Amino acid sequence: MGGKGGEACNSGSGGAIRLLAPIVAGDGLVDVNGGLSDVSCYPCPRRAGHGRIRIDALDRSNLALDVQPNAAHAVGSLMLVEPAGAPTLSITMAGGEVVGPGPTSIFLPFGTATTQDVVIQASGFADPIDVVLTVTPESGAKRQVTVTIDMDVDPDMATGSIEFVSNTVNQVHAWVE
């Protein structure tokens, strides 16, 4: 259930729940109702948006969940954590180092050029995409640039030059704008 609002008359949305298992069975309450604002809110208390529930299982014969609100759920048998062919975005090189999947941390020692190239690879996108590239050092200001990957050119990659901070760990992230 979404969180209760405070003096600002805001409240939390119901969120999202996905149950994925070969067998989903049993009873209980699954609640994604939106939270209710404080009763003193003018002109009246407000409820935030309801969340969503998705239950995927091969065997649901003993499923007896109380789902609230009832209209906010779907039941199926899609046994994939991540659907095949979903678009992906990967940082393949940063600060002169080849990097693997997952979060990327780069440490540049003193004396290293602070402007470094970051190579980003995309797959599964239909059109050219704008990618936001961000470097967040442990100390200092975040840096951000936007690069475009033309999905009609093979390989589907782009290089962005961005400033790192030397002698500290820099977190590198990329996402589609």
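Trainee: Which residues does Thr104 touch, not counting residues up to four places away in sequence?

Mentor: Thr104 touches Ile91, Ala94, Val99, Asn170, Gln171 and Val172. Contact means heavy atoms within 4.5 Å. This is a predicted model, in which local features need pLDDT of at least 70, side-chain atom pairs count only at pLDDT 80 or more, and totals for chains, interfaces and linings use all residues. Residues are numbered from 1 along each chain as its sequence is written, and side-chain values use heavy atoms, with hydrogens and water left out.

Trainee: Is Thr104 buried or exposed?

Mentor: Thr104 has a relative accessible area of 2%, so it is buried. Buried means under 20% relative accessible area, exposed means over 50%, and partly exposed is in between, with a 1.4 Å probe and protein chains only.

Trainee: Where does Thr104 lie?

Mentor: In strand 8, which covers residues 104-107. Strands (E, at least two residues) and helices (H or I, at least four) are DSSP runs, numbered from the N terminus.

Trainee: How many helices and strands does the protein chain have?

Mentor: There are zero helices and 13 strands.

Trainee: And how much of the chain is buried?

Mentor: Buried residues are 31% of the 177 in the protein chain. As for contacts between residues at least 6 apart in sequence, 63% join residues at least 24 apart.

Trainee: What about Glu97, buried or partly exposed?

Mentor: Glu97 lies in strand 7. Its relative accessibility is 37%, so Glu97 counts as partly exposed. Leaving aside neighbours within four places in sequence, Glu97 is in contact with Thr92, Ile106 and Phe107.

Trainee: Different topic. Which order does the open sheet of three strands have?

Mentor: That sheet runs 1-3-5, with parallel pairing. Strand 1 and strand 5 (73-76) stand at the edges with a single partner strand each, so one side of each has no neighbour in the sheet. On average, neighbouring strands of this sheet are turned by 10 degrees against each other, direction ignored. The axes are lines fitted to C-alpha atoms, for helices over the stretch in contact, and angles run from 0 to 180 degrees between N-to-C directions.

Trainee: How many bridges join strand 1 to strand 3?

Mentor: Five, and the two strands run parallel, strand 3 being residues 52-56. Leu19 stands opposite Ile55 in strand 3.

Trainee: And where is Leu20?

Mentor: Leu20 is in strand 1, residues 16-20. With 32% relative accessibility, Leu20 counts as partly exposed.

Notes:
Pairing = 2+ DSSP bridges.
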